[in-house]
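Hi everyone, thanks for coming. Please have a look at the structure on the screen, and I'll walk you through a few parts of it.

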Amino acid sequence: MEKGRRTVFVCQQCGRESIKWLGRCPDCEGWNTFVESVVRSPSSRRSASRVLSTAPQELSQVSGEQTPRLTLSFAECNRVLGGGVVPGSLVLIGGDPGIGKSTLLLQVSAAVAQGGRKVLYVTGEESPTQVKLRANRLGLGGEWLFILPETNMEVIMEQLEEASPDMVIIDSIQTVYLDQLDSAPGSVGQIRECTMKLMQWAKTANVPVLLSGHVTKDGAIAGPRVLEHIVDAVLYLEGEQFSAYRLLRSVKNRFGSTNEVGIFEMRGNGLVEVTNPSEAFLSQRPTETVGSAVVPTLEGTRPLLVEIQALTSTTSFGFPRRTANGVDFNRLLVITAVLTKRAGLALGNQDIMVNVVGGLRVNEPAADLGIALAIASSLRGAAIDPGLVAIGELGLSGELRAVPHVDRRLSESAKLGFKRCLMPKTMKVDVPQQMQLIGVESVREALRKALTKGGDKADAT
Ligand SMILES: Nc1ncnc2c1ncn2[C@@H]1O[C@H](COP(=O)(O)OP(=O)(O)OP(=O)(O)O)[C@@H](O)[C@H]1O
Ligand SMILES: [Mg+2]
Ligand SMILES: [Zn+2]
């Protein structure tokens with residue numbers, strides 16, 4: 001251990017320091033806000049800062065040259081990162097236990113290693129044999145891929161200096177620890193200090209470091225967002241428990257846009273990119289389309305066609321229930337209320353279930369009309385035209401509102417063979433060939449034009 005260092009507990013809310021842990025901060029009165037941190041002595045602070053140039057530079061004189069990004073084997077990963085990994089960046093890949101973080105990292109590492117670059121894979125959770133068995137299952141070779149089963153940060157840092165790899169994986173950040181801190185691995189203090197150390201190394205060596213991290217129950221990566229502030233990019237790997245689809249979503253990115261999504265399928269031989277997700281998600285759509293509407297949503301910049309299913313059934317006793325899978329529950333309540341009040345649907349004695357096929361989540365208001373259509377279709381037993389997609393946000397008076405990027409949604413729909421689009425009349429768009437727009441002003445009018453029975457299909461022009 002270096003001399004001149006000690007640890008101190010710091011309140012994460014107001015910054016008060018204390019030499020011992022306190023349950024409640026005497027200053028800001030926050031509970032459980034104290035986190036153990038390393039205090040750097042003035043001398044080590046100075047030497048650390050000398051690594052970076054500290055004299056002010058005129059912005060016009062700063063070099064604007066970009067170091068080329070490291071391209072990964074998965075185009076989906078590159079897309080989510082904004083065109084590959086930036087050298088010297090720290091990327092966090094978060095996700096629920098067992099979702100496939102190690103699988104993704106191993107596949108990415110093996111591909112980088114195959115290109116003749118040295119990858120150091122630090123595994124704190126699995127032995128090299130376990131990693132080997134997974135590599136065998138995934139059909140990955142192991143040249144230029146070095147496995148380090150280690151959790152002690154001092155040792156890891158030594159190995160990093162010695163091996164000078166081109167890319168580093170830490171699987172996972174919750175298992176590594178610094179000896180100087182008394183707190184256990186995985187605690188906020190440990191995670192923060194270890195991440196800062198890795199950050200410093202990454203920036204100095206100009207090598208990308210990828211960390212994996214478990215997400216705690218409440219959705220935050222352990223350590224109340226501390227980690228997210230330190231790292232350059234945060235990607236979440238998500239998916240429903242019984243669905244093979246995995247979404248890699250960027251929630252923070254210093255070197256690219258957020259909201260980008262990569263789509264994978266988990267197979268026996270690892271994660272496989274889904275190159276045409278709309279097709280995949282619609283592949284099992286029944287030909288009988290009662291209660292099933294297709295909505296062109298946007299995931300980041302990419303249009304994605306999803307099927308929304310609804311089922312209504314008469315409540316047998318008690319209050320009617322509403323179940324939302326993949327759509328926001330409160331949004332479902334609003335849509336139900338609008339359908340009842342503005343379109344005269346008798347939903348007060350109906351249980352309503354709404355589901356997005358494929359374990360996807362749709363959070364855009366643009367899906368409102370599709371959800372409303374699916375519910376109305378199920379209630380009336382009227383099929384929705386199978387060649388129709390629906391776009392539109394629902395206002396509380398039952399009016400339909402414009403949504404962004406309609407052109408992208410329409411061209412994706414046309415690409416997949418959809419012939420008609422039900423959308424707000426107010427939107428002015430270029431119509432793709434072979435596509436017919438059905439402009440509507442209200443949800444009542446939309447139901448009349450889209451449902452075959454109980455509506456007048458003749459005026460669907
Ligand atoms: N033999 C197998 N065939 C098919 N899929 C498998 C097989 N073994 C594991 N998997 C898939 O891999 C997943 C586990 O992946 P992985 O270990 O990469 O997850 P992880 O996110 O790293 O988990 P942890 O949080 O435990 O580290 C399993 O949930 C399963 O979907
Ligand atoms: Mg793992
Ligand atoms: Zn405080």
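Let's begin with a pair of helices: H10 passes H12 in a right-handed crossing. One thing to keep in mind throughout is that this is a predicted model.

So which residues of H10 and H12 make the contact? On the H10 side they are Leu369, Ala372, Leu373 and Ala376, and on the H12 side Val443, Ala446, Leu447 and Ala450. If you sort the residues of this contact by class, you get eight nonpolar, no polar and no charged.

Now for the geometry. H12 covers residues 443-450, and its axis lies 10 Å from that of H10, at an angle of about 60°.

Helix H9 spans residues 329-343 and helix H10 residues 368-380; their axes come within 10 Å and cross at roughly 60°. This pair is therefore oblique as well: that is how H9 and H10 lie to each other. The crossing of H9 past H10 is right-handed. From H9, the contact uses Leu332, Ile335 and Leu339, while H10 brings Asp368, Ile371, Ala372, Ile375 and Ala376. How many residues in the contact of H9 with H10 are nonpolar, polar and charged? There are seven nonpolar, no polar and one charged.

Next, let's move to ligand 1. Which residues come nearest to it? Out of 13 residues around ligand 1, those are Pro97, Lys101, Ser102, Thr103 and Gly268. Helix H3, residues 101-114, supplies the largest share of this shell, with three residues. By class, the shell around ligand 1 holds three nonpolar, seven polar and three charged residues.

Finally, let's step back to the whole chain. You can find twelve helices and 21 strands in it. Its C-alpha atoms fill a box of roughly 85 × 55 × 50 Å along the principal axes. The chain has 461 residues, and 40% of them are buried. And if we take contacts between residues at least 6 apart in sequence, 67% of them join residues at least 24 apart.

That's my tour, and I'm happy to take your questions.

Definitions and conventions. Residues numbered from 1 in each chain as written. Chains lettered and ligands numbered in written order. Predicted model: local features only at pLDDT ≥ 70, side-chain atom pairs only at ≥ 80, totals over all residues. Axes fitted to C-alpha atoms, helices over the stretch in contact; angles between N-to-C directions. Helix = DSSP H or I, 4+ residues; strand = E, 2+ residues; numbered from the N terminus. Parallel < 35°, antiparallel > 145°, perpendicular 65-115°, else oblique. Left-handed = near helix turned anticlockwise from the far one by under 90°. Contact = placed C-beta atoms within 7 Å. Nonpolar A, V, L, I, M, F, W, Y, C, P; charged D, E, K, R; others polar. Near = placed C-beta within 6 Å. Buried ≥ 20, exposed ≤ 12 C-beta atoms within 10 Å, placed from the backbone.
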